[in-house]
Structures are given as structure tokens and as C-alpha cells.
Amino acid sequence: MSAATTRSRTPDRLCAEAVDLARAAAEEAAAPGVVGEHVGVLSEGDRVVTHFFDCRELGYRGWRWAVTVARASRAKIVTLDEVVLLPGPDAVLAPEWVPWSERLRPGDMGPGDLLPTDAEDLRLEPGYSGEDVPPPNSAVSPQMADLVEAEDAEVTAGPPAKLATAPSRGSVAAVAEELGMRRARVLSRYGLHTAADRWEEAFGAKTPMAQAAPASCVSCGFLTPIGGSLGQAFGVCANEFSPADGRVVSLSYGCGGHSEAAVMPKPPQPPAPVIDETRVDPFPLRPAADSGSVPAVADEESAELGHS
């Protein structure tokens, strides 16, 4: 360890003894009665020392007034550098700032709130594909072809109803046929209507959230389509920040988490006030002599009495 390092960690004697100078500087910068007891000394370098005083301010529990003093080489006069209020080891501090996009949690969105979606949001992707490329779940897609080859199954050219002969047992079309028809009962028309009424009431166009939304779910990238006849009017929301996440929503429903809500809308302009309460009309404290409300008097004695 060098001599310079040793000197920098050892407080200078004259600077360490300048407690009164440091207290006077702290009391001048702070409000009366805020500076408390002297709680320590810290060497900042050669002939540079910081004095710490307790802060008695109610809103700054654990904070300390830090007064830095110094002296020149071979000088005996200690001078003041700066006075600042710093948090101590047990100070009450505000939590670390977190961006709004990370503070937001599912369920925080309310009616009228708008959640802009980043253009590079990993939860979304372009809604287009090659015309000659079949969907991933298609029976003729490369993924399904690999699966068929691995399972040693047969891929037919269409659904069983359009085939000349029934598909053989174990083919992809035969399995799909069994999954769709091996149910004893399915929803009746009444069951479909009652379900649609419930979903429309919970997440429909007449809800406060949809009334304040910038756009409807039909144009939102987070909407997942559903099959069947109900798919013409409903879908499933896949936005984790939406209050309808994982719920069946109407295509006319909407919220502030719309995928294309990238620009905050302008606030509506209020109508012109019927009564202008911002204008100030000056009124004189005393009426003018020629206004007719106060008759002119000749003697001063009558003028001092005034008129009601």
C-alpha cells in the first residue's frame, strides 16, 4: 500500500476537527432545527473530509447532511466544499424506477386505457404466408407429412365425405372423422344461442371497455379464431394484459390492448362553455360621480357620511 493511499484513508486532523464549520454550513443550507447530531467523518482524499449530521426532517428518515471540507497543502485554514443531503445505510428510499411496460400486470387495464403494442412484439407476427404453403395443421403440410411418415399412416386427398371410398383404418382422415363424430350429443341451436348471449353480455360491444376501445377485436392480432358456427361472431383473446385474456370475446368487443394501438389518440376537445367563467369583469369600488347613483354634495361633512 502506497503512502498516498494511506493518507487518503486517514482523515486529515484539521479537517476532522472542523465540526463547527461543517455544522454551521449544514444549518445554513437546511431549515431551522433539521440538522441533528454529528454521526461520523469520512476521508474523501488528501486533506478532504466529509462530516455527517443526522437529518431530523420527518420525510427523510435515515438521511444525513453531508458537509465536505478541505484545506490546501501546508495551509491551516479549512474551507467549505459542498453541503448535500444524502441517504444513509438505513434511509427510506423510493423503489427503483421500472418502465411502464414492465410495471403493467394482467388485469391492470380499465375502460379507456390504451396499451400501445410495440412493432417488434414477440407475441405477434405478420398475418400473411405464401399462397402455395399449406397451413401448419393441414394434412398436406410438411409437418403433417413428416408425422405421417413417422407413424406410417395414410394421407388422403380430402375429407371422408368427398372420397370415393372410405379411408383405411389408421389414416389421418379416419382419425379426424372419429374425433369429430364420436360424441353422443352436441350443442343444440338453443345451446348455441344461450352461450352466445352470455359471451356477448360479458365481452360484447355494449360493455364499458368496448365503448372506450380504439378498435374492435375483429382487427386485433391477439384474437384467436374458433371453429364452428360461433366462430363467425366470437374468438378467444390471447393478450395477457387484456381483461379478457383466455376468454371468448365478441368480434365487436375491444380494449386498450389492441395490437394496432401504436399511437395514443388525441383527447377529445371539450365544447365551448355556455357561460364564460374565465373572463374577469372589473367593477369599480366606488361609482363614478357622473353615473347618477350618487348625488353630488357641496359640503365635505355630508360627503364623509356617504350614501346607502
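**Figure 1. Cys255 counts as buried, with a relative accessibility of 7%.** Buried here means under 20% relative accessible area, while exposed means over 50% and partly exposed lies in between (1.4 Å probe, protein chains only). What you see is a predicted model, in which local features need pLDDT of at least 70 and side-chain atom pairs count only at pLDDT 80 or more, while totals for chains, interfaces and linings use all residues. Residues are numbered from 1 along each chain as its sequence is written, and side-chain values use heavy atoms, with hydrogens and water left out. How many disulfides does the structure hold? It holds zero, where a disulfide would be a pair of cysteine sulfur atoms within 2.5 Å. Cys255 is in no disulfide, and the nearest cysteine sulfur, which belongs to Cys237, is 5.8 Å away. Elsewhere in the chain, Cys55 also counts as buried, at 11% relative accessibility.

**Figure 2. One cavity of 30 Å³ or more is found in the structure.** A cavity is a set of points on a 1 Å grid over the protein atoms alone where a 1.4 Å probe fits but cannot get out. The largest cavity has a volume of about 80 Å³. Its lining is made of 14 residues, and those closest to its centre are Cys217, Cys220, Cys237, Ser242 and Cys255. A lining residue has an atom within 4 Å of a point, and the volume is the space filled by probe spheres set on the points, which are joined across faces, edges and corners.

**Figure 3. Trp199 and Phe234 form one of the three aromatic pairs in the structure.** Rings of Phe, Tyr and Trp (its six-membered ring) pair if their centres lie within 6.5 Å; planes under 30 degrees apart count as stacked, over 60 as edge-to-face and the rest as tilted. Trp199 and Phe234 are edge-to-face, with 5.5 Å centre to centre and 80° between the planes. This pair links distant parts of the chain, since Trp199 sits in helix α7 (residues 189–202) and Phe234 in strand β6 (residues 234–237), 35 residues apart. Helices (H or I, at least four residues) and strands (E, at least two) are DSSP runs, numbered from the N terminus. Trp199 is partly exposed at 25% relative accessible area, whereas Phe234 is buried at 5%.

**Figure 4. Phe203 and Tyr253 make another edge-to-face aromatic pair.** Their ring centres are 5.5 Å apart, with 90° between the planes. Which parts of the chain does this pair link? Phe203 belongs to the loop between α7 and α8 (208–211), and Tyr253 to the loop between β7 (248–250) and α9 (300–305), 50 residues apart. Phe203 counts as buried at 12% relative accessibility, and Tyr253 is buried too, with a relative accessible area of 3%.

**Figure 5. Arg47 and Arg74 each have a positive phi.** Most residues other than glycine have a negative phi. Arg47, with a phi of about 60°, is placed in the loop between β1 (35–45) and β2 (48–55). Arg74, with a phi near 65°, is found in the loop between β3 (63–70) and β4 (79–87). Are these two residues buried or exposed? Arg47 is partly exposed, with a relative accessible area of 28%, and Arg74 is exposed, with 85%.

**Figure 6. Arg64 lies over the face of Phe52.** The distance from the ring centre is 4.1 Å. A charge sits over a ring if NZ of Lys or CZ of Arg is within 6 Å of the ring centre and within 35 degrees of the ring normal.

**Figure 7. Thr68 lies in strand β3, and Thr79 is placed in strand β4.** Thr68 and Asp81 are 13 residues apart along the chain, with their C-alpha atoms separated by 5.3 Å. Thr79 and Val69 are ten residues apart in sequence and 5.6 Å apart in space, C-alpha to C-alpha. Thr68 counts as buried at 10% relative accessibility, while Thr79 counts as partly exposed at 41%.

Notes:
On a 1 Å grid over the protein atoms alone, a cavity is a set of points where a 1.4 Å probe fits but cannot get out, and a pocket is an open set with protein on both sides within 12 Å along at least five of seven lines; lining residues have an atom within 4 Å of a point.
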